[in-house]
Amino acid sequence: MTSQILTTRMEAHPSDSNTIERYLDTGGYATLKQALTSSTPEDVVEQVKASNIRGRGGAGFPMGMKWGFLAASDPKYLVVNADESEPGTFKDRQLLERDPHQLVEGIAIASFALGVKRAFVYVRGEYSKPARRLQRAVDEAYEAGYLGDNIAGSEFSLDVSVHLGGGAYICGEETALLNSLEGRRGEPRLKPPFPAVEGLYARPTIVNNVESLSNVPWIVANGGHAYASIGPERSAGTRMFSLSGHVNKPGNYEIVMGMSWRDLIYGIGGGIRDGNELKTWIPGGASAPWLMPEHLDTAITIDGVAEYGTMLGSGAVVVMDETTDVVAAAHSIVRFFAHESCGQCTPCREGTKWLQDVLERIMDGTGRLEDIELLLDISDNISPGLRWPPAMTTICPLGPSATAPITSITKYFLDEVKARINQPEMADG
Ligand SMILES: Cc1cc2nc3c(=O)[nH]c(=O)nc-3n(C[C@H](O)[C@H](O)[C@H](O)COP(=O)(O)O)c2cc1C
Ligand code: SF4
């Protein structure tokens, strides 16, 4: 398939794309006004359903279907997930910094469609500049009459609050996020009930990712079918990928889904640094099992990567070249999950730390060959059967995510792991 990369609004207007003046100059808020004056909320929901867009936060759940689950009773809420803590992911940051009004317009249109009068944006605690930019955009939108009472002269009113997050990865999980927003510990809740039935303050709540909602103005302006016609049927539309690691041109790229991995890594990403060979890559953030050079010519689609036992997750593609020590890479990811486990579930709280300890002794030269079986056994206790999508013994998917690097290195690099155990002197290298 030919490479297709879109010119994004941020590339077109790099310096002042965050201002309301620039947004209005480029047709901003026209779709909101149009929706408020000549559409019904049901029409908007139908457009989003017809677009086939799937959530960009990680799970890839169809957005229109989720909106359809929102319980009818008032009050209900829209919560925007701008926590963006999945290692390797930095796309929402760019959307918040460079195009915050697109998100504000998406929030307003979505709230109109869902019958929501109060929306919250939960921004990653460390994202001070993106949060400032977003807050300014919200203030400008209030002043211009696109938020607040009787928006654009209509009957529709909406208040939006920007909230700085608690600074923990787990607060990106939607129910932990809701707890944190309520001022409680950021710990995931058991589901069901799902947020669409019982979410923020036990009221019906839709949680959507920044990128998901940033697509709404385009979908409503151009029609759901127009969006659905971009890219493959079950992976419709464009998507932002944060490309990092050992590529020559790391960055955020908005691509049409269905492109091959080769086009992304070698075309858009400019290939591997120093002319090195590609060793492996993570296709969807630290939680995703890895892919190999034999997968380079497969298409980037949500279902396509599932066939190879992995996911597009948050759209973070981390490329590793031939010089990478895969045991060290796996350790770095496992250590992250062990540190970020909220501790509610024993398999996650204990298992992630055990995985970290075993990898550490392999790395410091005191590992044993039986450690490979031990790593898999611990992983199997966290995620029984080690299958894809993962089975869960835990409240949320964080625990199972920690097994992704273990299954990846034992499946694709078993000889290298054994060599690491048999040649402890490598530990100093
Ligand atoms: C441990 C964990 C961390 C997550 N972090 C994020 C995050 O930072 N941003 C995000 O949008 N979704 C994150 N998610 C996914 C959310 O739970 C939820 O599926 C998403 O916000 C829904 O939005 P969407 O349907 O628009 O994708 C995370 C999930 C888990 C299990
Ligand atoms: S899986 Fe881990 S992070 Fe998720 S709720 Fe259980 S202990 Fe907390």
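Figure 1. The model shown here and in the following views is predicted.

**Figure 2. Surroundings of ligand 1.** The shell around ligand 1 is made up of 22 residues, of which Gly55, Gly57, Gly172, Asn209 and Ser212 are the closest. Strand β4, which spans residues 205–209, gives the most to the shell around ligand 1, contributing three residues. In terms of class, seven residues of the shell around ligand 1 are nonpolar, nine are polar and six are charged. Because domain 1 (9–228) and domain 3 (326–428) both give residues to the shell around ligand 1, this ligand lies between the two domains.

**Figure 3. Domain division and the contact of domain 2 with domain 3.** Three domains divide the protein: domain 1 covers 9–228, domain 2 covers 233–321 and domain 3 covers 326–428. The centres of domain 2 and domain 3, taken over C-alpha atoms, are separated by 23 Å. To their contact, domain 2 gives eleven residues and domain 3 gives nine residues. On the side of domain 2 that touches domain 3, seven residues are nonpolar, four are polar and none is charged.

**Figure 4. Packing of helix α15 against helix α19.** Helix α15 (residues 326–340) packs with α19 at an angle of about 165°, and the two axes are 9 Å apart. An angle over 145 degrees counts as roughly antiparallel, so α15 is roughly antiparallel to α19. The crossing in which α15 passes α19 is left-handed. From α15, the residues Val326, Val327, Ala330, Ile333 and Val334 meet Pro405, Ile406 and Ile409 of α19. The contact of α15 with α19 has eight nonpolar residues, with no polar and no charged residues.

**Figure 5. Packing of helix α17 against helix α19.** Between helix α17 (residues 370–382) and helix α19 (residues 404–412) the packing angle is about 140°, with the axes 10 Å apart. That angle makes α17 oblique to α19. A left-handed crossing takes α17 past α19. On the α17 side, Ile372, Leu375, Leu376 and Ser379 meet Ile406, Thr407 and Thr410 on the α19 side. Classified by residue type, the contact of α17 with α19 comprises four nonpolar and three polar residues, and no charged residues.

**Figure 6. Packing of helix α4 against helix α7.** Helix α4 (residues 41–51) and helix α7 (residues 100–114) have axes 7 Å apart and pack at an angle of about 115°. Their crossing is left-handed. Pro41, Val44 and Val45 of α4 meet Ile109, Phe112 and Ala113 of α7. Six nonpolar residues form the contact of α4 with α7, which has no polar and no charged residues.

Technical notes
Residues are numbered from 1 along each chain as its sequence is written. Chains are lettered from A and ligands numbered from 1 in the order in which they are written. This is a predicted model: local features need pLDDT of at least 70, side-chain atom pairs count only at pLDDT 80 or more; totals for chains, interfaces and linings use all residues. Axes are lines fitted to C-alpha atoms, for helices over the stretch in contact, and angles run from 0 to 180 degrees between N-to-C directions. Helices (H or I, at least four residues) and strands (E, at least two) are DSSP runs, numbered from the N terminus. Angles under 35 degrees count as roughly parallel, over 145 as roughly antiparallel, 65 to 115 as roughly perpendicular and the rest as oblique. A crossing is left-handed if the near helix is turned anticlockwise from the far one by less than a right angle, and right-handed if clockwise. Two residues are in contact if their C-beta atoms, placed from the backbone, lie within 7 Å. Ala, Val, Leu, Ile, Met, Phe, Trp, Tyr, Cys and Pro count as nonpolar, Asp, Glu, Lys and Arg as charged, and the others, Gly among them, as polar. A residue is near a molecule or strand if its C-beta atom, placed from the backbone, lies within 6 Å of it. Domain bounds come from an automatic or database domain assignment.
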